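Hi,

Here is the structure I promised to pass on.

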Amino acid sequence: MNMSFPKFVLIGFIAFLSGSLNATRQEFCDGFYQGYVEGWNRSSGSIFQPSVPLCPFEPRRTVRDPKDDYEFGYEIGYDQGTEDGRRG
């Protein structure tokens with residue numbers, strides 16, 4: 001394998017970056033899932049587990065949004081679950 005040093009470094013950096021982005025996405029989606037379930041149950045009055053939609057792409061944060069990925073996902077999931085639970 002005749003790979004030059006800069007190409008090797010670039011591939012390593014891309015692999016590192018994609019791994020860290022995937023971990024961030026997982027935290028966001030875990031929060032979204034938990035928030036959706038709690039929002040749905042609170043607004044619908046149900047004690048059963050709702051069918052949770054696919055995790056959305058993480059939207060751009062504003063100054064007021066939490067810095068923590070899990071909390072950010074939780075807030076978005078809670079809002080969506082509350083809205084969906086009211087509709088039934």
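Let's start with P53: leaving aside neighbours within four places in sequence, P53 is in contact with F32, Y36 and Q80 (contact means heavy atoms within 4.5 Å). P53 sits in the loop between α1 (5-44) and α2, and its C-alpha is separated by 8.7 Å from that of Y36, 17 residues apart along the chain. With a relative accessible area of 29%, P53 is partly exposed (buried is under 20% relative accessible area, exposed over 50%, partly exposed in between, with a 1.4 Å probe and protein chains only).

Before I go on, some housekeeping. This is a predicted model, where local features need pLDDT of at least 70 and side-chain atom pairs count only at pLDDT 80 or more, while totals for chains, interfaces and linings use all residues. Residues are numbered from 1 along each chain as its sequence is written, and side-chain values use heavy atoms, with hydrogens and water left out.

Overall, the protein chain has two helices and zero strands (DSSP runs numbered from the N terminus: helices are H or I, at least four residues, and strands are E, at least two). Of its 88 residues, 24% count as buried.

Now for α2. This helix covers residues 69-87, and its 19 residues reach 27 Å from first C-alpha to last, close to the 27 Å expected (the expected span being 1.5 Å times one less than the number of residues). After α2 comes G88, whose phi is positive, near 90°. The buried residues of α2 include F72, Y74 and several glycines, among them G73 and G77.

What about the aromatics? The structure holds four aromatic pairs (rings of Phe, Tyr and Trp, the last by its six-membered ring, pair if their centres lie within 6.5 Å; planes under 30 degrees apart are stacked, over 60 edge-to-face, the rest tilted). The F28 and F72 rings have centres 5.8 Å apart and planes at 55°, so that pair is tilted. F28 lies in α1 and F72 in α2, so the pair ties together parts 44 residues apart in sequence. Both F28 and F72 are buried. The rings of Y74 and Y78 have centres 6.0 Å apart and planes at 20°, so this pair is stacked. Y74 and Y78 are four residues apart in α2, about one helical turn, and Y78 is partly exposed at 24% relative accessibility. Finally, ring pairs link F32, Y36 and W40 into a cluster.

Cheers
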